[in-house]
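Trainee: I should like to learn how to read a structure of this kind. May we go through its features one at a time?

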Amino acid sequence: MVSGHSMRERAGATAAELLDEDARVVVVLAEISTGQFGRALRAHPDRAVNVGIMEQTMVGVAAGFAMEGFIPIVHTITPFLVERPLEQIKLDFGYQGLQGTFVSVGGSYDYTSEGFTHHSPGDVQVMLTVPGMQVVVPGTPDELEHLFRATYANGHITYLRPSTATNVESREVDIGRLDVVSRGSRATVVAVGPMLDRTLAAVEGMDVTVLYVTSVAPFDADGLAREVADGPDVISVTPFLEGTLTPMLTSALANRPTRFTSIGVGNDVLREYGTVGDHDRARGLDEYGIRERIGRVLDR
Amino acid sequence: MERAVESRTIDLAEVRRLMARATGDEKHDESSTSTLDALAVLYGDVLRVDPANPSWPDRDRFILSKGHGPVAYYAILAHLSFFPEMWLDDFMEWGGKLGSHPDRELVPGVEASTGSLGHGLPMSIGVALALRAAGRTEQRVVVLTGDAELNEGSNWEAILLAPALGLTNLTLLVIDNHSSSVQMGPWDAKLEAFGWSTHVVDGHDHGALRTVLTARDELRPTAVVADIPEGEW
């Protein structure tokens, strides 16, 4: 494990380490984070490439490397990684059956002051449309590094989503497995990645089961079916677009009567700047907003 | 910088017979036949490939970027025994392996699954970089686009990038059958201005195609504009 203060920094440090450790690894950048990758770009000029500000070509170049047996790590700001070159991800990687990791920075509204051009709350939902895509949403830098190392060469394409928000404590996480954080009977709350700490604070004193998910795809359907509380309500708390998790939840719980509630980022343009905390509050995604939503569900 | 010319007999009459064998409602006749001479020269005289071992690591890489009109491509691959000729009978049929755009997972000898325009050239840069990273300095990457395909902006990202990376192992072959509805050429002047070593040849002239496709600039990637007169296939 390397040190790093944020998930973004840890992602960059881990990618640079993987370049050093594994001669199959390549890093393809589109100008973003080139400062952080400065040493790697100098140390591995053949396997660390900055293509400039051209995201379609960034993904295509990475696919070309993968066609030759290299293992690419592709990185830029979320909307320019996920939305702008989506067809390249879908075809060059998904259709061609290649492996590689797409590491974003600035999920949902981390770049608050940049405005909506730099926001991408729909990133996970969009990436889930790509055939074979694994989606990993860690809650701490240590979890990020563990999941990054576990997936980068496992034969799949992976979307790795660092965020500014983190949980304080890391948990034992793994790809394809959810984690039971606390047990209760009235409802089940599924918290994803950096939403865990505020969700735990929100349900303080409530009789609910809290499950923790970092592996959105593959999703641990068996784990959810096994660990779900007796109460009929299942509530997802996601740092991305509201409702994104719903298909996995309904599929996993198809054999029992369930009421589903999604707490996540709304699909609207919020024309405000400020801080991530400001946006969390405005969208009801801070501890108090989440508590109010879950309380309303339990009061039904 | 030139290297020894490959020599493999491509019987064009036989290739045309194989093309006719590909039954079905082929929608891309012009785009298919316009590539025939260039493909015959590439596979006959330029590309080092091994039909018995399509993934031979020391092979040259060819990517049909446009994907459209692959019948001439399929016919030449079948002619060279990359796959059985009988596959052509099931062109575009349920259960067949040959679609109207090629799939690398289904067809031996096909390097890239293409059909959506503007993907092949960026991928070719990645392949060229990978060959360089692997120390395969002799191997070449040839990528074929149509002239109308050059409308796609992703190509111009890649056209900007390849000279900046000094990819002397990359050749862009533009089959210019003047199919772009909006006239955006001349392609050669634009490619030259972007830093490519650029040649214009008659797209039916095998000798001229052979000369420019075997040439390799010492500093720049190579672009070949193969002109097919408007109205000709």
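The dialogue below takes up domains, chain contacts, helices and backbone geometry in turn.

Mentor: Please keep in mind from the outset that this is a predicted model.

Trainee: Let us begin with the domains. Into which domains is chain A divided?

Mentor: Chain A has domain 1, covering 7-160, and domain 2, covering 179-299. Between the C-alpha centres of domain 1 of chain A and domain 2 of chain A the separation is 26 Å.

Trainee: How many residues of domain 1 of chain A are in contact with domain 2 of chain A?

Mentor: On the side of domain 1 of chain A there are 23 residues, and they meet 21 residues of domain 2 of chain A. On that side of domain 1 of chain A, at least two residues each come from α6 (123-127), β5 (133-136) and α7 (141-151) of chain A. The element that gives the most is β5(A), with four residues. Sorted by class, the side of domain 1 of chain A that touches domain 2 of chain A holds 11 nonpolar, nine polar and three charged residues.

Trainee: Next, the packing of helices. At what angle do the axes of α5 and α6 of chain B cross?

Mentor: Helix α5 (residues 120-133) of chain B and helix α6 (residues 153-164) of chain B have axes that come within 8 Å and cross at roughly 30°. Angles under 35 degrees count as roughly parallel; α5(B) and α6(B) are therefore roughly parallel to each other. From α5(B), the contact uses L121(B), P122(B) and I125(B), while α6(B) contributes S154(B), N155(B), E157(B), A158(B), L161(B) and A162(B). By class, this contact of α5(B) with α6(B) has six nonpolar, two polar and one charged residues.

Trainee: What span should helix α1 of chain A have, and how far apart are its end C-alpha atoms?

Mentor: Helix α1 (residues 7-21) of chain A has 15 residues, and at 1.5 Å a residue these should span 21 Å. Its end C-alpha atoms are 20 Å apart, which agrees. The buried residues of α1(A) include M7(A), R8(A), R10(A), L18(A) and L19(A).

Trainee: How many residues of helix α3 of chain B are buried?

Mentor: In helix α3 (residues 36-46) of chain B, 10 of its 11 residues are buried, so that the helix is mostly covered. Among the buried residues of α3(B) are L36(B), D37(B), Y43(B) and V46(B).

Trainee: Now a single residue. Is L196(A) buried or exposed?

Mentor: L196(A) is found in helix α8 (residues 196-202) of chain A. It counts as buried because 26 C-beta neighbours lie inside 10 Å, and a residue needs 20 or more to be buried. Leaving aside residues up to four places away in sequence, L196(A) touches G139(A), N167(A), V181(A), A191(A) and Y212(A).

Trainee: Finally, which backbone features deserve attention?

Mentor: Most residues other than glycine have a negative phi, and most peptide bonds are trans. In this model, the peptide bond from A217(A) to P218(A) is cis, with omega near 0°. P218(A) sits in the loop between β10 (215-217) and α9 (221-227) of chain A. The peptide bond from G185(B) to P186(B) is also cis, with omega near 5°, and P186(B) is in the loop between β3 (170-176) and α7 (187-193) of chain B.

Trainee: Where does S108(A) lie, and what is the phi of S108(A)?

Mentor: S108(A) lies in the loop between β4 (100-105) and α6 of chain A. Phi of S108(A) is near 50°, a positive value in a residue other than glycine. With 29 C-beta neighbours inside 10 Å, S108(A) is buried. In chain B, M92(B) has a positive phi near 65° and belongs to the loop between α4 (71-79) and α5 of chain B. M92(B) is partly exposed, with 15 other C-beta atoms within 10 Å.

Terms used:
Residues numbered from 1 in each chain as written. Chains lettered and ligands numbered in written order. Predicted model: local features only at pLDDT ≥ 70, side-chain atom pairs only at ≥ 80, totals over all residues. Domains from an automatic or database assignment. Contact = placed C-beta atoms within 7 Å. Nonpolar A, V, L, I, M, F, W, Y, C, P; charged D, E, K, R; others polar. Axes fitted to C-alpha atoms, helices over the stretch in contact; angles between N-to-C directions. Parallel < 35°, antiparallel > 145°, perpendicular 65-115°, else oblique. Expected span 1.5 Å × (residues − 1). Buried ≥ 20, exposed ≤ 12 C-beta atoms within 10 Å, placed from the backbone.
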